[in-house]
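I opened my notebook to look up a few features of this structure. Here is the structure I worked from.

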Amino acid sequence: MKILKLLLIAALACLGAARASAQDLQHGKAVFDLWCGSCHKPLGPYVSSVAGTSVLERKYKGTKPAALEERTDLDAATVKTFVRHGVKFMPFFRKTEISDIDLDDLAAYLSRNLKH
Amino acid sequence: MRVPTGVTSADFSAALEKFSSAIGKQWVFTSDEDVDLYRDAYSVYKGEKEEYLASAAVAPDTVEQVQAIVRIANQHKIPLFPFSTGRNLGYGGSAPSYSGCVVVDLKRMNRVVEIHEKLHYAVVEAGCSFFDLYRVLQSKGIKLYPSVPAPGWGSPVGNSLEHGTGTPARDNFKNHCGMEVVLANGELLRTGMGAMPNAETWQTYHYGYGPYIDGMFSQSNFGIVTKMGFNLFHEPELTRSLTVTSGNYDDLDQIVGLSEYLEAIGVIPANARVFSPLMSSREPEVVTLIRSAGGGSAGQWNQLSQDKNRPVYTLQTEIRGAPKVVDAQIETVKERFGAIPGVTVTDGKSWRAPLDLDKIDEPDKQTFGIPTLWRFYTDLAENKDPDWSGHVWFSPNIPQTGESLRKANRVFQEGCDKVGIYWGWSGGICFFPKSYTLLHAFQSGGDVETDRKTREGFAHVVRIAAENGWSEYRTAPAFYDLIMDVFSFNNHSLRRFHETIKDAVDPNGILSPGRFGIWPKHMRKDRA
């Protein structure tokens, strides 16, 4: 039953990703930049450290990209769970901050490279 | 559906209906799923029956809607808990200070109402974050910057009302001028010159006429502040950073004394921080020495400093302004600190206007008033186990002297040791002139046992601080009463005065019951 449920979630997530238009993805990217980028932007010459990316870099040790936008294993449901429930030190976000529509597009954006 | 204590379901439902009519049904949140987003992610009671939980949330978009909410709440005696952005994690987040409150989420009121470029100030609504304000300034090509705290997702209004701090202003409440407040009866008040219709100096002359009452709306529950004016800062023509280092344990008094003196005469205008890279480390030999009787002698620390090639103390600051003046200030700092045998002064980074904002590293951005969330990196990656689920800050103010800094670290370490907590050595951050704020994070929001230990440890350090004449400058809701209790001069005359005001301006006690230890009459009978 649990596997069935997971498959269903994955199928819905794929459906969501498939339906995302270029406009949705562009909006998803804007939501990411507004709410997530401060902690999850890629490291670079003038981004020597940020909370999310630096900690994930330490955690994954090169097995996965530390920057969320470069991930190929994030599905929409996982993104939504993290945003609405938080994880570890990262808090959850209210609907007055990231609305359900914003979250749909954010999830579509971060799961756009999901490899099936 | 959760219903506030003392309110009937029928009354609560009627109030929710009226809230919906006033602000739109989609902005009244009542489902558990939605209301759970108003929990404190870093609560020290997470998942326990004492956790402060909202009954519902309302998110107004205008001042008129805030007034309508307050009037409805008065009719039905519904407790409200307003907040601006709800992002002061470690000090309560978006959760209420009393379970059952309807939280008033002001995040939608995020407008920059006015920017006065010539006189460098902005008027912002309560839900306008530092990021929001910065983005508006950038989008208009205006080279003015707000005074930002370490995490930039808070708001100038909320941060300053909590007596929060920022760079470069430090005391952000002191950096405001004029406010607009919805009173508990729904009436609108403007303070200072704002009380004069069409005033031209609301954001430039803060006293207005008569008693200066702005302070009454900070760390209190006497009204809902909906707008405030804030001074903005010019892009500095030159910014230079420097670090003073010493390998001598006994230099602390001289370093701190000189720092305070140079600040007093205007040579160091910025926030000069005193740290100990050696004593604040968690390496085994450091921990052993800190925990030894007396906390280690000067000779032992100096030897360890040499062995590890690491200074006992550093003092860091940034000096900004007109280039010739900055250069002269830097030279003066070097000359004065250089006169202490063994002390060195090292130049750090420097920046000249016009700033290339894309080429300022994340850790340096706050220096210029550019908001970031970089602080969470230091909180998480450098100092702590990344598995921490949250923290609460213990942040007492002590006098800005070397003697006080040494004494505070000693008494907190010895006191904490008795209850199984390691304090270590906390540096002094000069948020407020003549004071050092110590910042010590207690782990929270993880599991029941950790939270219990944190609450006990926190109460313990509050008592130690009070015995020595020190107190927190702000705190998390779970500790509001604990801290208010130590302000006990003349049988708690300050608290009784707060209560007198509370009863006068909010007779139904609908606004944030218990916030900063101020309770309405009907809820304080247990204490009488």
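My entries cover a pocket, a helix pair and some domains.

I worked with a predicted model, where local features need pLDDT of at least 70, side-chain atom pairs count only at pLDDT 80 or more, and totals for chains, interfaces and linings use all residues. Residues are numbered from 1 along each chain as its sequence is written, chains are lettered from A in the order written, and side-chain values use heavy atoms, without hydrogens and water.

**Pocket.** Which helix gives the largest share of the lining? Helix 3 of chain A does, with seven residues. Chain B takes part too: its helix 11 (375–382) is among the elements that give two or more residues. Helices here are DSSP runs (H or I) of at least four residues.

**Helix pair.** I then checked helix 2 and helix 5 of chain A. Their axes lie 7 Å apart, at an angle of about 100°. They are therefore roughly perpendicular (65 to 115 degrees). Phe32(A) of helix 2 and Tyr109(A) of helix 5 are among the residues in contact (heavy atoms within 4.5 Å).

**Domains.** Last, I noted that the domain assignment of chain B includes domain 3 (237–353) and domain 5 (487–527). Their C-alpha centres lie 43 Å apart.

Terms used. Axes fitted to C-alpha atoms, helices over the stretch in contact; angles between N-to-C directions. Parallel < 35°, antiparallel > 145°, perpendicular 65-115°, else oblique. Domains from an automatic or database assignment.
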